[in-house]
Amino acid sequence: MIHIRRARPQDANGMGLAHVAAWRSAYAGILPDSYLAQLSALREAASYQRGITGRRQGHAAFVAAAGGEDAPEGSRMPPGGLVVGFVTGGRARRPELADGEVETLYLLDDWREQGLGRRLMRAMAAHLHALHCRSALVWVLENNPSRWFYERLGARTVARELIPVGGQEVMQQAMLWERVESLLDATAGTER
Ligand SMILES: CC(C)(COP(=O)(O)OP(=O)(O)OC[C@H]1O[C@@H](n2cnc3c(N)ncnc32)[C@H](O)[C@@H]1OP(=O)(O)O)[C@@H](O)C(=O)NCCC(=O)NCCS
């Protein structure tokens, strides 16, 4: 059973591992191999830990955790469960584009295409709604197939820009939900 719940500081290590695994799989062929090779799960974990405890600008993180309290007795699951994916976000870093922002969304390979991305997006949409954000956006690299996932949930592209990543320029695009309610509608019925 997978639970979606607010991230705790002890989830940061699992989030760091999931971040690096998801980047290496999602961005292979899009970002340089040398850049992907030097990513550090420990460095990412420290950054997520700061985000979870700091809660700047309405920042929140939600994890998809497998096992946890339900894990069979004697299993080696970490307390709170194994982090198989997560979403982070809060008030938009560039408020001229939207009120709220989904900053990261990553799932381990084996846990994709089972509805978890949608469930994590619902948790974040509910959070942004509670912050009184009217609109929400996510930045996605143009060559990342996950942009079809966001389109499926009703987002549309409103801006494009080149950014430097790993010593090369890549195009990213901002995908917008003009109304956070429309994202809530697109993810309704996913609580399990
Ligand atoms: C993007 C991601 C979170 C999607 O999560 P997921 O759990 O696989 O998606 P879901 O199972 O919830 O799918 C929801 C819907 O989107 C569709 N979808 C998901 N990924 C898609 C894709 N790459 N292309 C087209 N449609 C897609 C599903 O078919 C489903 O459609 P339905 O309404 O017909 O059922 C996941 O693929 C992932 O972690 N990718 C790698 C990391 C990444 O790129 N993150 C985004 C960074 S901006």
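Arginine 91 stands opposite glycine 100 in strand E4, a handy place to start reading this predicted model.

**Strand E3 and its partners**
- E3 and E4 run antiparallel and are joined by 7 bridges.
- Strand E2 (residues 60-66) is also antiparallel to E3, and 7 bridges join this pair.
- In that pairing, alanine 66 stands opposite leucine 82 in E3.
- Of the 10 residues of E3 (residues 82-91), 9 are buried, so the strand is largely enclosed by the rest of the structure.

**Around the ligand**
- The ligand is surrounded by 20 residues, and the closest are Arg112, Gly117, Arg118, Ser146 and Trp148.
- At least two shell residues come from each of helix H1 (12-26), strand E4 (100-107), helix H4 (116-130), strand E5 (136-141) and helix H5 (146-152).
- H5 gives the most to this shell, with 4 residues.
- Sorted by class, the shell holds 11 nonpolar, 5 polar and 4 charged residues.

**Leucine 31**
- You will find leucine 31 in the loop between H1 and helix H2 (33-37).
- Leucine 31 has 20 other C-beta atoms within 10 Å, and therefore counts as buried, since the cut-off for that class is 20 or more.
- Beyond its neighbours within four places in sequence, leucine 31 is in contact with Leu36, Val165, Gly166 and Val170.
- Between leucine 31 and valine 102 there are 71 residues in sequence and 21 Å in space, C-alpha to C-alpha.

Terms used
Residues numbered from 1 in each chain as written. Predicted model: local features only at pLDDT ≥ 70, side-chain atom pairs only at ≥ 80, totals over all residues. Near = placed C-beta within 6 Å. Nonpolar A, V, L, I, M, F, W, Y, C, P; charged D, E, K, R; others polar. Buried ≥ 20, exposed ≤ 12 C-beta atoms within 10 Å, placed from the backbone. Pairing = 2+ DSSP bridges. Contact = placed C-beta atoms within 7 Å.
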